[in-house]
Amino acid sequence: MNKFVISLSPHVHGGDSVEKNMYGVCLALLPALIASFCFFGIGALIVEATAVVSCVFFEWAITRFLYGRKTTTITDGSAILTGLLLGFNLPSNLPLWIIILGALFAIGVGKMSFGGLGANLFNPALVGRVFLLISFPQQMTTWPVAGQLTSYTDATTGATPLSLMQNAISTGDASLLKDLPSSLEMLIGQTGGSLGEVSAICLLAGLIYMLCRKIITWHIPVSILGTVFVLSGLLHLSAPYYAAPQYVLMSGGLMLGACFMATDYVTSPMSGKGQIIYGVCIGALTVVIRNWGAYPEGMSFAILIMNAFTPLINTYCKPKRFGEKKK
């Protein structure tokens with residue numbers, strides 16, 4: 001029989017809390033948020049403000065009127081973070097009523113239907129995003145060109161790097177990849193796409209901040225990015241119409257998903273080993289869906305699929321119990 005060993009008092013409190021971590025992630029998103037305002041102007045402001053306010057309102061309303069609770073959970077920062085991430089997954093010209101509907105689905109179905117924070121199986125922001133993508137594919141795949149700071153619904157639209165990559169694969173024409181933005185442009189953010197897809201360097205800055213503050217660990221983002229880099233590099237070597245891995249890493253929602261969405265505490269595995277398995281599977285699924293699926297972006301679907309496998313991974317990769325001795 002194993003003994004449960006506890007050291008003598010006094011014990012030191014770690015200082016972590018739900019509120020501290022949630023607002024820490026919100027702060028890490030600040031550089032990317034500022035970049036989206038710089039590239040999409042008023043459209044980014046309208047989309048993000050609508051998503052955040054809607055998510056907070058629906059969580060308060062569901063808690064108060066459906067659950068009948070007098071206390072509210074909107075101050076823990078989780079609804080604000082869900083709104084920010086939902087807005088980051090939307091184009092800057094999306095109509096307000098679609099954003100509100102996505103927020104209702106994200107909070108009502110993706111979070112509160114499971115019992116609220118800590119009980120949800122899937123990432124709420126991704127649940128809302130995928131619901132909108134399936135329900136309103138035309139509006140969700142119409143991307144304004146970056147630099148239109150005063151335009152909203154009348155913004156000029158254009159192709160994204162992901163759509164160019166998919167066209168090159170479907171036609172087998174490598175010359176289409178010449179229209180891709182340069183690596184520097186994709187790193188800085190002068191490309192079309194969702195609000196959170198336009199500046200890889202700002203997302204990486206947020207990742208470094210979270211790692212330094214120990215809000216998350218390196219296992220999930222590194223395993224996702226490493227898997228995508230290796231697999232896309234092998235595909236690029238096999239045929240020239242597959243984009244080079246550095247373009248794949250900086251395109252679409254890969255950086256946003258790897259750094260901020262796959263690392264969600266509730267829906268990701270607990271142990272380091274489990275997180276690596278989880279990240280490798282997300283990276284592999286993303287490559288498969290992007291190259292051979294119906295949608296050019298596969299990150300959202302890959303994360304949601306692996307969210308469903310998180311309980312199984314936790315069962316297989318149980319963390320060592322405190323005080324347990326090796327046999």
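Analyst: Helix 4 gives the most to the lining of the largest cavity, namely four residues. Helices here are DSSP runs of H or I with at least four residues, and strands are runs of E with at least two, numbered from the N terminus. This is a predicted model, in which local features need pLDDT of at least 70 and side-chain atom pairs count only at pLDDT 80 or more, while totals for chains, interfaces and linings use all residues. Residues are numbered from 1 along each chain as its sequence is written, and side-chain values use heavy atoms, with hydrogens and water left out.

Rolling a probe the size of a water molecule over the atoms shows where empty space is left. On a 1 Å grid over the protein atoms alone, a cavity is a set of points where a 1.4 Å probe fits but cannot get out; a pocket is an open set with protein on both sides within 12 Å along at least five of seven lines; and lining residues have an atom within 4 Å of a point. Grid points are joined across faces, edges and corners, and a volume is the space filled by probe spheres set on the points.

The whole structure holds three cavities of 30 Å³ or more. The largest cavity has a volume of about 250 Å³. It is lined by 20 residues, and Met-22, Leu-81, Leu-85, Asn-123 and Asp-264 are the closest to its centre. Helix 1 (18-28), helix 4 (78-88) and helix 6 each give two or more residues to this lining. By class, the lining of the largest cavity has 12 nonpolar, six polar and two charged residues. Ala, Val, Leu, Ile, Met, Phe, Trp, Tyr, Cys and Pro count as nonpolar, Asp, Glu, Lys and Arg as charged, and the others, Gly among them, as polar.

The second largest cavity contains about 160 Å³ of space. Of its 13 lining residues, Met-165, Ile-169, Val-248, Arg-290 and Asn-291 lie nearest the centre. Helix 8, helix 11 (219-238) and helix 14 (272-292) each give two or more residues to that lining, and helix 8 has the largest share, with four. The classes here are nine nonpolar, three polar and one charged.

Helix 8 (161-171) also supplies at least two residues to the lining of the second largest pocket, as does helix 6 (124-135). That pocket has a volume of about 250 Å³, whereas the largest pocket has about 310 Å³.
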